[in-house]
Amino acid sequence: MDGDRQPPAAPPPAQQHSGKYRPPHLRNQESSGDGGARPPSLQRRAVVGCSETDANRRSWDQRTCQLPSICSGYTDVSKLCVQLPKNSESKQPPSGPPENADNKILPAKRPVGSTHGGRPVNLVVNHFLVRFNPRFTIFHYNLDIKQVISHGKRPAKKSKKKVNLRLIRDKLCLDDPALFPLNRTAYDGEKNLYSAVPLPTGQFNVELCDIEDLLTRTYVVSIKLMNELKLSKLEDYLSGKVTYVPRDILQGMDLVMKENPSRHRISIDRHFYSSSFNVEDDFKHGVAAYRGFQSTLRPTSQGLALCLDSSVLAFRKPLAVMDFLKENIPEFDGMYLGLSSRRRVAHALKGLTVRVTHRVTKQRFTIAGLTAKNTRDLWFDFVDPKGRDPTVNVSLVQYLRHKYGKDIVYQDIPCLILGRNNRTSHVPMEFCILSVGQRYRKELLDEVSQDKYDAKCLAWPPERRKTICEMMQAYDGPCGDVTQNFGLRIDKNMTSVEGRVISPPDLNLGAPDGTVDIVRVENEKCQWDIAENSVVEGKQIERWALIDFSSSDSSRAKDFIKNLRNRSRSLGIYMDEPLLCHFTGMREFSSINRLEGLLRSVVEEATRKNPNRLQIIICVMAEKHHGYKYLKFVSETRIGVVTQCCLSNHAFRGDEKFLGNLCLKINAKLGGSNVELTQPLANFEEEDHVMFIGADVNHPVSKKSTTPSIAAVVSTVNWPAVNRYAARVRPQDHRTEKILEFGSMCRDLVNTYFQVNKVKPKKIVVFRDGVSDGQFDMVLNEELSDLKRSVSDDNYKPTITLVLAQKRHQTRLFLDNVLDGGPTGNVPPGTVVDTKIVHPFEFDFYLCSHYGRIGTSKAVRYCILWDENSLTSDELQKLIYSLCFTFARSTRPVSLVPPVYYADLVAYRGRIFQEVAKEFQFRSSFSSSSNCTAFDRSFYNLHPDLQNIMFFV
């Protein structure tokens, strides 16, 4: 069959571009022989009749937009390498997202022109260019595998494990390699098979034989052609000829990239780990750290790129059970097990999977426990499978010697009870080896091993960079024979790119004399010192209470109060003596009713001393406790008093830094202002009144549909300081990413802004978190539409910018010269990249806004989907970076833009409320009426006194 198909042509050598990169559609025009003239369809503004200042402006849902037409195509894949032009960026607004044939809004296109703010820095990125033949076709097949059950025989349990289905696929290829060439196919272990050559379709029988009992199982493999994936469509997308994403092609090519590591490595989720470990990664006690990687294909401005990042995971070592026990239990010698030792052995082994060595089989067995008797005392009834001889009672020792020729050395210890298909068998420990790929939870490691594990996971940039390059060169990495057979060639060198370091903004801080100081942050950490300055606006704390859950020693509490008041005074936050101090124990956290009673009694006693409402309760806890969720639920939904918790070992130590951070949180919760930006944001004017919104959805770990997802939306309520936020939280359908009530939550926040400022915001900037590339359409055409419909009317139409913040990606930025960075070797704060590794034509960039103190810094990818505020790339990058300096509880820029950061915190707080609601549901005696307790909005409604303040900081 291969003779009917020409082998894929090797990609031509990359063209040497002189001068600067040009976007694909611009280079097409240059090469089309028209003298570089730009057709009207490629002019700066692509939206027709969409001006927001037009008096006769049409509604947003009725706008019609024009797609730019792209001329000429590529025949050379290497020509897909592009870079954005370097000419100065125009101040014209970027093109609004066009509409496709289905009247769906498409993501905004990158503005024409280059960015120029900041000093240049040379970087390398873990993107590896993938060259492909655009004339190549990948064939996508559906595999349906069913076992044939012979008449009269008990049907076997259908296996759902990928490894078993892979064995069947492999056997199919081995039976007829001419029709089914193994190294020209990629399989996901379920239903999807991709092939570099056409395969026969129909039904095929595959027989698998168990070597030990010679039992043969027959499977019917049904193969059906689903699609022919023409890589020319991917070339058209990368070059900008089409705007729809060929996800089926990218998914198929991504699976091809994963085929080689899936055959040689341990596959966990989407990661691939080595089957062996390094000596320095051994944690002893039967556990070691295994190194691996995760990879994904991304369309970028330079072409298709493989993004690969390293990872580390703890596994049990594939030791013999006897050696495993000797590592875990020092007194174990295999000779005798006392009662306590037996319990320790059973606890260490139960639930682990093993393979046996006394017979030939690939099966894995789960350890159910230990036999009650020792090995030498185990007897069983042996039944002749042919029914000729009578049943006889034999010892296990004799049976293994006669049938397998194995003598048992350790006869004075129990055997393992191995369960398989609801049947159990007894196997001596010495004939069992732990199977490969058994994960070990980090929480179970001892303290020393946890520190070693963290150090390996949080590798410094030079080490991570070296590890990534080794993964690319490895025989079991993504560059294998299968990849080449699909006509793919991967450059094993990281991508070199020029980034820029944006200068930090000037900040307003309080001075000792009560005035405002302008502080220039120029150190490498971009950190400002609160020891030399105070907050911009400190709240007067006149009514507060202290609950000490750690002891009844009032002297320690008095010292804490004194130190806290002194530290707050130095920051410009004035605290009076507490109205009352209450001493109790941690037992109060064991019951929500007891805790609610305690808090109410404290509030009532404080009210008797001062009729005005209590401002805050500071809670000193002896340790972390699961009852923390009760405290937050009661105080924030029922009583309406802000609480601030801290651990006693920190509070009573009197550390200035800890007390300073505590004061910053208290001030922010009560409506104070810790730090403000000196200059206006972007091109906004003071009279613009801009509101920043952050949105996120927290999904439950549980797979039960009765557990809701939690949607959180926050927004600023002050301008131009933009450092005070209000929050809204809602439960919604299980694992639903779309925020179902996004419009109504935003409308509520706009009304709150009006109540505070007596004017509605003219401009809104929305930051959305937790959205993958495949969900851009949902955010644009559903959530944004909901927002527009909910907040706009005939008299009020704010202009909106929508930005997505993506943290779950594998892109890592490394300094080409480590001397360009600080002692950690990380890229400096403010590093931004918006060329080569970004999307071919959509509007996105990578920004590392924080100082990397631990491990390798990870930049956030910001994707601008919609922009009615006419922000340039420079303005957006500077805006986001400046906002990162306004996070209330930090004295350095944070890694994520604060509206999203705060939305994460609020969503987590909603998850705490859900856990309390779940406990109420379990306690209810009327289960039929309490099935939806976790979805009951009353459990998530904040107290009116807390709705518009930052209780969540």
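**Close-up views of a predicted model**

View 1. Lys758 sits in the loop that runs between helix H16 (742–757) and strand S32 (763–769); helices (H or I, at least four residues) and strands (E, at least two) are DSSP runs numbered from the N terminus. The model is predicted: local features need pLDDT of at least 70 and side-chain atom pairs count only at pLDDT 80 or more, while totals for chains, interfaces and linings use all residues. Residues are numbered from 1 along each chain as its sequence is written, and side-chain values use heavy atoms, with hydrogens and water left out. Although Lys758 is not a glycine, its phi is positive, about 65 degrees. With a relative accessible area of 65%, Lys758 is exposed (buried means under 20%, exposed over 50%, partly exposed in between; 1.4 Å probe, protein chains only).

View 2. His689 is placed in the loop between strand S28 (676–677) and strand S29 (690–698). Its phi is near 55 degrees, a positive value in a residue other than glycine. His689 counts as buried, at 17% relative accessibility. The peptide bond from Trp719 to Pro720 is cis, with omega near 10 degrees. Pro720 belongs to the loop between strand S30 (709–716) and strand S31 (725–732). Most residues other than glycine have a negative phi, and most peptide bonds are trans.

**View 3. Crossing of helices H12 and H13.** The axes of H12 (residues 592–609) and H13 (residues 628–639) come within 10 Å and cross at roughly 50 degrees; axes are lines fitted to C-alpha atoms, for helices over the stretch in contact, and angles run from 0 to 180 degrees between N-to-C directions. H12 and H13 are therefore oblique to each other (under 35 degrees is roughly parallel, over 145 roughly antiparallel, 65 to 115 roughly perpendicular, the rest oblique). Residues of H12, including Leu595, Leu599 and Val603, meet residues of H13, among them Leu631, Phe633 and Val634; contact means heavy atoms within 4.5 Å.

**View 4. Surroundings of Cys863.** Cys863 is in strand S37 (residues 860–867) and counts as buried at 2% relative accessibility. Leaving aside residues up to four places away in sequence, Cys863 touches Phe776, Leu802, Val803, Leu804, Gln806, Phe843 and Asp844. The C-alpha atoms of Cys863 and Arg110 are separated by 10.0 Å, with the two residues 753 residues apart along the chain.
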